[in-house]
Amino acid sequence: MNKLQGPVSFKDVAVDFTQEEWQQLDPEEKMTYRDVMLENYSNLVSVGYDVTKPNVIIKLEQGEEPWTIEDDFPSQSHSDCSNPWLWDYLQT
């Protein structure tokens, strides 16, 4: 059995898609993604997770898709962070 390495963070429970993968999802899959992400965040908050709300959650709460034009090209200084949602989260 693995020991806990520290508190759980949003990035530990976030589901990530590349923009190409996102575009291939049908509307029902996108709605399921929205529901899962919002529930994961809500569960973290309910157990005391206390940090700035990630931008992806704000967008999903407002009924927006998590992708925006500026998400297309994350900063090259973080080339290991190729996922715009994770990059967006790390910016908060």
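This is a predicted model: local features need pLDDT of at least 70, side-chain atom pairs count only at pLDDT 80 or more; totals for chains, interfaces and linings use all residues.

Trainee: Where does aspartate 35 lie?

Mentor: In helix H3.

Trainee: And what does the side chain of aspartate 35 make a polar contact with?

Mentor: With the side chain of arginine 34, at 3.4 Å. Further along the chain, glutamate 61 is 26 residues away in sequence, with its C-alpha 9.7 Å from that of aspartate 35.

Trainee: Which side chain does glutamate 61 have a polar contact with?

Mentor: That of lysine 53, at 2.9 Å. Lysine 53 sits in the loop between H3 and H4. Lysine 53 is partly exposed, because its relative accessible area is 29%.

Trainee: Stepping back, how many helices and strands are there in the protein chain?

Mentor: Five helices and zero strands. Of the 92 residues in the chain, 30% are buried. The accessible surface is about 6500 Å², and carbon and sulfur atoms account for 50% of that.

Trainee: What share of the contacts comes from residues 24 or more positions apart?

Mentor: 55%, counting the contacts with a separation of 6 or more.

Trainee: Back to H3. How many residues does H3 have, and how far does it reach?

Mentor: H3 has 20 residues and reaches 28 Å from first to last C-alpha, close to the 28 Å expected at 1.5 Å a residue.

Trainee: Which residues of H3 are buried?

Mentor: Lys30, Tyr33, Met37, Leu38, Tyr41 and Leu44. They are on the same side of H3, because they cover an arc of only 125 degrees around the axis. On the other side, Glu28 and Ser46 are exposed.

Trainee: Why would residues three or four places apart point the same way?

Mentor: Because an α-helix has 3.6 residues a turn.

Trainee: What about the ends of H3? What caps the N-terminal end?

Mentor: Aspartate 26 does, with a side-chain oxygen 3.0 Å from the backbone nitrogen of glutamate 28. Just after H3, glycine 48 has a positive phi of about 100 degrees.

Trainee: Now tyrosine 41. Buried or exposed?

Mentor: Tyrosine 41 is buried, because its relative accessible area is 9%; the cut-off for buried is under 20%.

Trainee: What does tyrosine 41 touch, leaving out residues up to four places away in sequence?

Mentor: Phe10, Tyr49, Val51, Lys53, Pro54 and Ile57. For Lys53, the C-alpha atoms are 8.7 Å apart, at 12 residues along the sequence. For proline 54, 13 residues along from tyrosine 41, the C-alpha separation is 9.1 Å.

Trainee: And the largest nonpolar core? Which residues touch the most other members?

Mentor: Phe10, Tyr33, Met37, Val56, Ile57 and Leu60, out of 13 residues in that core. H3 and helix H4 (55-61) each supply at least two residues of this core. The largest share, five residues, comes from H3.

Trainee: Take Leu60 from that list. What does leucine 60 touch, again not counting residues up to four places away?

Mentor: Tyr33, Arg34, Met37, Leu38 and Pro66. Among these, Tyr33, Met37 and Leu38 are also on the list of buried H3 residues.

Technical notes. Residues are numbered from 1 along each chain as its sequence is written. Side-chain values use heavy atoms; hydrogens and water are left out. Helices (H or I, at least four residues) and strands (E, at least two) are DSSP runs, numbered from the N terminus. Buried means under 20% relative accessible area, exposed over 50%, partly exposed in between (1.4 Å probe, protein chains only). Contact means heavy atoms within 4.5 Å. Accessible areas come from the Shrake-Rupley method with a 1.4 Å probe; for residues, only the protein chains shown count as cover. The expected span of a helix is 1.5 Å times one less than its number of residues. The arc is that of the directions from the helix axis to the C-beta atoms. A polar contact is a pair of N or O atoms within 3.5 Å; within protein, one must be able to donate a hydrogen and the other to accept it, and residues adjacent in sequence count only if both atoms are side-chain atoms. A nonpolar core is a set of buried Ala, Val, Leu, Ile, Met, Phe, Trp, Tyr and Cys residues joined through side-chain atoms within 4.5 Å.
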